[in-house]
Amino acid sequence: LKPTYASAPPSENRQRYDNKWEQDQLVKGKDQLNFVPSMDEMAVVNKDNYEYVFDELQFIDFDTDETLEGDDNINDDSVQLKLNSIKETKESLPVFKYRTEFLKAVEDNQVVIIVGETGSGKTTQLPQYLYEAGYSKDKITGKPKIIACTQPRRVAAMSVAKRVAQEMDVPLGKKVGYTIRFEDNTNEQTIIKYMTDGMLLREFLTNPELDKYSCIMIDEAHERTLSTEIILSLLKDIILHRKDLKLLIASATINADKFSTFFNGAPIFSIPGRRFPVDIHYTKNPEANYVQAAITTIFQIHTTQELPGDILVFLTGQDEIELMELSLQEAISDLKLQNQLLVNSIYANLPAELQARIFEPTPPNCRKIILATNIAETSITIDGIKFVIDPGYVKQNVYNPVTGMESLVVVPCSRASANQRAGRAGRLGPGKCFRMYTKWSFYNELDLNPVPEILRVNLTGVVLLLLSLGVNDLLHFDFMDPPSTDSIIKSLELLYSLGALNSKGQLTKTGRIMVLFPLDAMFSKSLITSLKLGVLHDTLSILSMLSESGNLFYRPKDKREQADKTRGAFSEESGDHLTLLNIYDTWVNNGYSVQWCEDNFVQYKTLKRVRDIRNQLSSLCDKVGFKGSCQKWEGKADKNEVILRALVSGFFSNVVRLSKMGDCYRKLKRNQPLFLHPSSSMHNVKPPPKLLMYHELVLTSKEFMRNVTRVKPEWVKEFGLHYFSSKDLEFMEPMRK
Ligand code: CDP
Ligand code: MG
């Protein structure tokens, strides 16, 4: 390979990019790390600049004076790379040596905390050991019982279940299965069940004692997801009277003491790790754009480091991964490296058929590049990684209980996460981690540990669920880290205004129906209203489209204008919600065609998932007794208006009005400026609509509203009556005239 090819974009190009993206509006405190807008905005806003110029070699300067120490026992049996049989693979995992001790610990204790380096075999092996030891049957009655293992992420649940089914040589979905939202791949024979923590949490509604289960392993507990924490609190109560239930809490090396303390000093079972040292490289200077820097580093590694040695890159989300994959593929093909570099990706919604690919061994003389979200930090282990590229960011949902606003934000990850990421390079031998930020940033801008989700997200869904379970005194509930009172009160207020609670704080009939759907409270409320108004059919399609987070469109390099034009043709005057409906319906009318998607630059796999989600929701509607999910509109009023009204009934708290200056939007209650996301069909509409409803906020350089639709003041009044004060709605008077 001639190094003259691979290069970073010329700095001039970078400069142009920065200027275009209102540098002065960068989020405070992130400047050092050079916060950049998410890739989908870049693709829309800076489409011309999002192309790399590979004409001059410009490697990144790295500082290299730190090493993440390996484990002491690393030499006693070094990792075998060529394992033949499944049996050998299983027996080579670090947990195998502790099988007997592990089973003894479970026998002797009701709760055991398990700590072990990622990849040691906790997730795949421990449930199998329990099964082999007879935990799939009730000790007294002999009745079948399930061994469950929760995962914070759906992809992890699916891929691990698949792996375990393979190891046990059984078909997936029978003895071994998985359950994730909108997909249940288990049957009455299932005894080892992998599931998302969210799904186990929902089981408390139908099976409050969880008596189907003999053992529950709460995996990846260190991630402290909201569902995991609520489950732990609920289980702490259940195990008092279900003495036969075994509870395992598995976690990477952080946080174990906290779990032990929470469960009254439960024993910690440690599985010694087996990791080689990893050299840490920091950039000497802050990088203007981490995606560009990561691409440069990939070529830098490829040209200077020996094979074999795969590269793992940590990105913030599916959109970013998909766009980076495109650029990378383009660069690889420009450089004629198709035979040397293979690109794979992994993120939460990766379609099942593509998941197996990442576990396939890398062909000889080839280097695999895996673009992953933080799912590869601890939940999924991919063998063969020797190099890690870590831009140091993570995408999080952040909720501000004071303003009641929740947004998706890309924020610096924690130091603990960064070290977990680096550790992924040390599984087969000494590895290297390239951090796309400076050493100064690492020690001064990254928090030590991630903030538990319960302290930073909107609790409405969880509050509704706990109330349905009869937990009425939320302020004194036994949380591991209690959320702020503000946050609980805000959720209660919203539930009250959605009609889920009465003025005494008790669950209403609407509230009881709402909780039956695995959806945010605002979604379920819209669904209920749409049933009443006779537009369930279309509302289901819109809500399914909104539930799917994957990219909907793609823009091939050579057909960008055409793609944008085609996309524009779907636009509905009222805004994005009906545009989404239009796209979905057109696809349905074209027989769910793959060709239609290709012709219209729409991602088939995204629509396919939407269809699955819609089917699931629609059968749930049938179960709940909602009729009309297949029914077509027959009313006299304008159907589109009725649909939008149904949506406002759930999302009234997301209504915003044009500011007096006309330069931004503001929520009716709070005065923070909000802006239209460049991907919205309302972007650049003249004159700007006065009143809008958004679906979600994305905070990058500014607070952007994504998926936005015009609404009428009377709808806000109709549904938001208990939410807004008369002062909040004062502005409407002149508007009506
Ligand atoms: O849970 P923990 O991180 O301790 O390890 P694990 O997920 O049980 O992984 C143990 C081994 O199984 C690793 O070597 C993985 O590479 C392998 N594995 C796999 O090959 N395919 C999967 N879908 C999951 C795990
Ligand atoms: Mg695991």
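## A tour of the predicted model

Begin with the open sheet of 8 strands, whose order is β5-β4-β6-β3-β7-β8-β2-β9 and whose pairing is mixed. Strands here are DSSP runs of E with at least two residues, helices are runs of H or I with at least four, and both are numbered from the N terminus. Two strands count as paired if DSSP finds at least two bridges between them. At the edges stand β5 (183–185) and β9 (268–271), each of which pairs on one side only. From one strand to the next, the twist averages 20°.

Before continuing, note the conventions: this is a predicted model, in which local features need pLDDT of at least 70 and side-chain atom pairs count only at pLDDT 80 or more, while totals for chains, interfaces and linings use all residues. Residues are numbered from 1 along each chain as its sequence is written, and chains are lettered from A and ligands numbered from 1 in the order in which they are written.

Within this sheet, select β2 (residues 111–116) and β8 (residues 246–251), which pair in the parallel sense over 5 bridges. Ile 114 stands opposite Ala 250 in β8. Next, display α6, which lies across β3 (146–151), β4 (176–180) and β6 (192–196) and runs at about 175° to β4. Such angles run from 0 to 180 degrees between N-to-C directions, with axes fitted as lines to C-alpha atoms, for helices over the stretch in contact. Contact between two residues requires C-beta atoms, placed from the backbone, within 7 Å.

**The ligand shell**

Select ligand 1 and the 16 residues around it, of which Lys 122, Thr 123, Thr 124, Arg 163 and Thr 381 come nearest. A residue belongs here if its C-beta atom, placed from the backbone, lies within 6 Å. Both α5 (122–132) and α6 (154–168) supply at least two residues of the shell, and the largest share, 4 residues, comes from α5. By class, the shell has 3 nonpolar, 10 polar and 3 charged residues. Ala, Val, Leu, Ile, Met, Phe, Trp, Tyr, Cys and Pro count as nonpolar, Asp, Glu, Lys and Arg as charged, and the others, Gly among them, as polar.

**The sheet of 7 strands**

Move to the open sheet of 7 strands, ordered β1-β10-β17-β14-β11-β13-β12 with mixed pairing. Its edges are β1 (62–68) and β12 (341–346); each has a single partner strand, so one side of each is left without a neighbour in the sheet. Strands β14 (residues 385–390) and β17 (residues 431–435) pair in the parallel sense over 4 bridges, and Phe 387 stands opposite Lys 432 in β17. Helix α11 (residues 318–334) packs on the sheet, where α11 touches β12 and β13 (367–372).

**A helix pair**

Select α16 (residues 460–468) and α17 (residues 485–497), whose axes come within 9 Å and cross at roughly 75°. That makes α16 roughly perpendicular to α17 (65 to 115 degrees). Thr 460, Val 463 and Leu 464 in α16 meet residues of α17 including Ile 488 and Leu 492.

**Confidence**

Finally, colour by pLDDT, the predictor's confidence in each residue, from 0 to 100. The chain averages 85, and 88% of the residues score at least 70. Confidence is lowest in α1 (residues 11–20), at a mean of 28, and highest in β7 (residues 213–218), at 98. Over residues 1–57 the pLDDT stays under 50.

Note on methods: Angles under 35 degrees count as roughly parallel, over 145 as roughly antiparallel, 65 to 115 as roughly perpendicular and the rest as oblique.
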